[in-house]
Amino acid sequence: MAKFYITTAIDYVNGNPHLGHAYEKIGADVIARFKRLAGYDTFFLTGTDEHSLNVARQAEAEGLSPKEFCDIMAGRFKSAWDKLNISYDRFIRTTDRDHVATVQDVVRRLNERGYIDKGTYSGYYCVSCERFIEESDIVEGKCPLHPSRELEWVEETNYFFALSKFQEPLLKHIRENPEFILPASRRNEVVNRIKEGLQDVSVSRSTLTWGVPFPKEIDDSQVVYVWFDALINYLTGAGYVPGRDEFGKRWPADLHYIGKDITWFHCVIWPATLMAADIPLPKTVFGHGFVTFKGAKMSKSEGVVVDPLKVVDSLGADSLRYYLMKAVPHGQDGDFSFEGLAEAYNSDLANDLGNLVNRTISMVDKYFKGQVPSPTGVSEPLDDELREVGQSAVRNAHKKMEELDLTSALGDIWTLITAANKYIEDAAPWVLAREGKKERLATVMLNLVEAIAKGVVMLSPFIPEASRKIWYVLGLPGKPEDVRWDENLEVANLLPGIKVTKTGPLFPRLDMETSDFATGEFRLAELAKEKKKEGKAKKADSPEKNLRSAEKEEAKKGEADVKDLISINDFAKLDLRVAEIVEAERVEGTDKLVRLEIDLGTEKRQIVAGIAQYYAADELVGKHIVVVANLEPAKVRGVESRGMLLAGFTEDRKELTLITVDKPVPNGSKVS
Ligand code: ME8
């Protein structure tokens, strides 16, 4: 099986994950999921870049050691990506022990080969970029990317990497391997800059202590410069073994998926380092564009930040994933707006996709008692057209995905969703039902289910949660990810006899008047921008405190998972009971809530639980769960809830599991 090793940039942890970070991780995740579907043995690496000067300063401002600070922040990044369903195989941290060993080994290798030399550095440093800025790049005394931040003058005795020796080898490599830098526009920028000449670059810092220590035998007073350390994470993630030439079945990387601001590091410094160390080069570096907010780059230091998690809490991960992949075209910048997000949600997800699925399922339910009919052999040109659109969508989207043009692939997949909606209108199943044309009706329903199933397989890299759910309510076996992309053409074989499950709206329509979007709660970025305009923004040079004190306490204790202790008397106040679920139904107008009727032996009562994304209503009936029976009643979205069920997340936090009993006990039994 061919392998595919994909990496993202590793994020600085001096601020919370923002929408720009999320965009990159989602893009890489869509590619990784696609490659798995296409049959590649895929390994997906992401993580955090922790040895920056920014981090050291931020930790100090919070009264924590850099490592304590990084533990908290890395946790936030990891849980953000879990929430967005990023299917990484390893979350690497540059403070991981194996990574430190890899970095030291690479430095040793370069030193042995004569590519590292001591020298004196003097020049300007941008702490936001964590890079030395050449005089010719300085704009009005500032870094061009961080105009609100002062540059810092640095004069140090450092170790330098002999980048200047690689001008010709790099140009040759890029010439002979046009796929090395994508998209082509980035390649031209890089080539032009290389032609201007390459200077040796500093790879150590002598005035910092927060970093990977330089190998002792070379110099024990220096640490490795953060960028040099960071790039090497790609080797660590591939299973690099210090001291061995051959390592890992994953290297060379097939794709480094990174932002356009860091192409210089990835397309020049990184390949030169690998050439010097005699390690094969990655196949492709793809420099994606930026997500902007009202035209400005999302950037913490510039005060333009949209919190992706707030969007997820309100509309779900799939909505954000879908919108970002649609709004930021292949390799280019794209603007994020709340209006755009709401529009894409309502019009594409709720109307086009959600309605298509709900209407189809309702009709199979009504006309065929929920059982998808078998082929009848009666087919019309209309049917062939729909099938043709489906086959082309599978082929075209495949090609676009291989080209990493995710936005166009999404467009190709949508041609099938649009065609299926049109097919309903043209075939008018309700007329066929009225006229008693049962055979024709069967063909139409089968074709619709086939079109949806095909669409869902292709959509699963983009909107994995909804895709799984649609697959489930269609009654298809397994998960859409289990179907290989090229087998998708034969998805029809899976259909006859499957039994659909009626469900509430997959994407309940968003009411622009009453939703969170209208409340201002979401408009953090806008507010930050306004504040900045008024000159009230925090001084960028003074590290802003952003940790909650409880997080700090936990970090210091080093026991992040242990909560405050309670006494046995406190515990005794809880009335935990076993209850049987006797009825379950989705709370109308919500996508998370389920109303349950539970039997507590002596009484029946109603509780409301936020578990609809993890359990279909039918699945719940008959389960014996554990509830907190003496919780004071509350209204959830206007529905009374008298009690609370207990549940926990699975290890990857992707599934919720109810706490149930594993031997029969009477309803209402006390749990203690
Ligand atoms: O550069 N839109 O970290 P970082 C799209 N630690 N992508 C964006 C973006 C935006 N508005 N803002 C940032 C670093 N990014 C280094 C990387 S890799 C060995 C070391 C992207 O936290 C950015 O281009 O500043 C980069 O690819 C990633 O987010 C991390 O940025």
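**View 1. Helices H16 and H17 are roughly antiparallel to each other.** H16 (residues 438-459) and H17 (residues 464-474) pack at an angle of about 150°, with their axes 9 Å apart. Helices here are DSSP runs of H or I with at least four residues, strands are runs of E with at least two, and both are numbered from the N terminus. Axes are lines fitted to C-alpha atoms, for helices over the stretch in contact, and angles run from 0 to 180 degrees between N-to-C directions. Angles under 35 degrees count as roughly parallel, over 145 as roughly antiparallel, 65 to 115 as roughly perpendicular and the rest as oblique. The crossing of H16 and H17 is left-handed; that term applies if the near helix is turned anticlockwise from the far one by less than a right angle, and right-handed applies if clockwise. On the H16 side, Val449, Ile452, Ala453, Val456, Val457 and Leu459 meet Ser467, Ile470, Trp471 and Leu474 of H17. The model is predicted: local features need pLDDT of at least 70 and side-chain atom pairs count only at pLDDT 80 or more, while totals for chains, interfaces and linings use all residues. Residues are numbered from 1 along each chain as its sequence is written, and side-chain values use heavy atoms, with hydrogens and water left out.

**View 2. Glu450 is a buried residue of H16.** The relative accessibility of Glu450 is 7%; buried means under 20% relative accessible area, exposed over 50% and partly exposed in between, with a 1.4 Å probe and protein chains only. Apart from neighbours within four places in sequence, Glu450 is in contact with Arg387, Val491, Ala492 and Leu495, where contact means heavy atoms within 4.5 Å.

**View 3. Phe336 and Leu353 touch the most other members of the largest nonpolar core.** This core has 114 residues, and helix H12 (residues 338-368) gives the most to it, with 15 residues. A nonpolar core is a set of buried Ala, Val, Leu, Ile, Met, Phe, Trp, Tyr and Cys residues joined through side-chain atoms within 4.5 Å. Beyond four places in sequence, the contacts of Leu353 are Asp348, Trp414, Ile417, Leu459, Ile463, Ile470 and Phe507. A second, separate core holds 68 residues, among them Phe43, Phe180, Val224 and Leu274.

**View 4. H6 and H9 are oblique to each other.** Helix H6 (residues 184-195) packs on helix H9 (residues 263-277) at an angle of about 55°, and their axes are 11 Å apart. The crossing is right-handed. Arg186, Val190, Arg193 and Ile194 of H6 meet Thr263, Trp264, Cys267 and Val268 of H9.

**View 5. Two proline residues follow cis peptide bonds.** The bond from Leu182 to Pro183 has omega near -10°, and Pro183 is placed in the loop between strand E8 (181-182) and H6. The bond joining Trp251 and Pro252 has omega of about 0°. Pro252 is placed in the loop between helix H8 (233-237) and strand E12 (255-259).

**View 6. Asp278 and Ala428 have positive phi without being glycine.** Phi of Asp278 is near 60°, in the loop between H9 and strand E13 (284-288). Asp278 is exposed, with a relative accessible area of 54%. Phi of Ala428 is about 40°, in the loop between helix H14 (406-427) and helix H15 (429-434). Ala428 counts as buried, at 14% relative accessibility.

View 7. Buried residues in H4 include His99, Thr102, Val103, Asp105, Val107 and Leu110. Gly114, which follows H4, has a positive phi near 80°.
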